[in-house]
Amino acid sequence: MIQKEGPGWRLAKDTSRKYFPVLIGGDRWAIELAEPEWNSLLPVIDELVTQHKELENQLMKEESICLEIGREPWWGCIDGDRESWSLQLILESKGDESRGFEAYWPAPAAKAITAAMRIMWDCNE
């Protein structure tokens, strides 16, 4: 089992669990993800963080930005300025046989959990 956590966020992966091996959480909440949900989250996080990084030097210090992306089954949003931002995720329900939820991390927890997610994906853990 791999666990990473910090103020306002936590992330865990237990490959011995068959149905919901990944846990993501915030301050006083957590949800377990199925492997396909976890794998489909990577493009959303990666694109949001990359877009913000590409734009951050173009923003004035007092300027804010909101970046949104939708890739089924996820919708994600980074909202903040060039130095700090929050992250909101929605897993969209598709009928009676799937679930949906919303997640939110304020700054600076948002940067920390996305960095931990990217490391976990890069390491293929």
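Which residues does histidine 52 touch, not counting residues up to four places away in sequence? The contacts are Ile65, Leu67, Ile78, Asp81, Arg82 and Trp85. The model is predicted.

## Histidine 52 and its setting

Histidine 52 is found in helix H1. Its relative accessible area is 2%. The cut-off for buried is under 20%, so histidine 52 is buried.

Helix H1 covers residues 35–55. It lies across strand S2 (9–13), S3 and S4. Its direction is at about 105° to S4.

## The four-stranded sheet

Four strands make an open sheet. Their order is S1-S2-S3-S4, and the pairing is antiparallel. Strand S1 (2–6) and strand S4 (29–33) are the edge strands, each pairing on one side only. From one strand to the next, the twist averages 10°.

Strand S3 spans residues 22–26. Five bridges pair S3 with S4 in the antiparallel sense. Isoleucine 24 stands opposite isoleucine 31 in S4. In a regular strand, side chains alternate between the two faces of the sheet.

Helix H2 takes in residues 109–122. It lies across S1, S2 and S3. Helix H2 runs at about 15° to S2. Helix H1, by contrast, lies across S2, S3 and S4.

## The S5–S6 hairpin

Strand S5 (residues 64–71) is joined to S6 by eight bridges. The two strands run antiparallel. S5 and S6 form a hairpin, with two residues between them.

## Aromatic pairs

The structure holds three aromatic pairs. One of them joins tryptophan 29 and tryptophan 105. This pair is tilted, with 50° between the planes. The rings are 5.3 Å apart, centre to centre. Tryptophan 29 lies in strand S4 and tryptophan 105 in strand S8 (residues 101–105), so the pair ties together parts that are 76 residues apart in sequence. Tryptophan 29 has 24% relative accessibility and counts as partly exposed. Tryptophan 105 is at 0% relative accessibility and counts as buried.

Tryptophan 74 and phenylalanine 101 form another aromatic pair, which is edge-to-face. Here the centres are 5.8 Å apart, and the angle between the planes is 85°. This pair also links distant parts of the chain, 27 residues apart. Tryptophan 74 is in strand S6 (residues 74–81), and phenylalanine 101 is in strand S8. Both tryptophan 74 and phenylalanine 101 are buried.

## The largest pocket

What is the volume of the largest pocket? It is about 150 Å³. The lining of the largest pocket counts 15 residues. Met1, Gln3, Ala12, Lys13 and Leu23 lie nearest its centre.

Which strand gives the most to this lining? It is S2, with four residues. S1, S2 and S3 each supply at least two residues of the lining.

Note on methods
Residues are numbered from 1 along each chain as its sequence is written. This is a predicted model: local features need pLDDT of at least 70, side-chain atom pairs count only at pLDDT 80 or more; totals for chains, interfaces and linings use all residues. Side-chain values use heavy atoms; hydrogens and water are left out. Two strands pair if DSSP finds at least two bridges between them. Axes are lines fitted to C-alpha atoms, for helices over the stretch in contact, and angles run from 0 to 180 degrees between N-to-C directions. Contact means heavy atoms within 4.5 Å. Rings of Phe, Tyr and Trp (its six-membered ring) pair if their centres lie within 6.5 Å; planes under 30 degrees apart count as stacked, over 60 as edge-to-face and the rest as tilted. Buried means under 20% relative accessible area, exposed over 50%, partly exposed in between (1.4 Å probe, protein chains only). On a 1 Å grid over the protein atoms alone, a cavity is a set of points where a 1.4 Å probe fits but cannot get out, and a pocket is an open set with protein on both sides within 12 Å along at least five of seven lines; lining residues have an atom within 4 Å of a point. Grid points are joined across faces, edges and corners, and a volume is the space filled by probe spheres set on the points.
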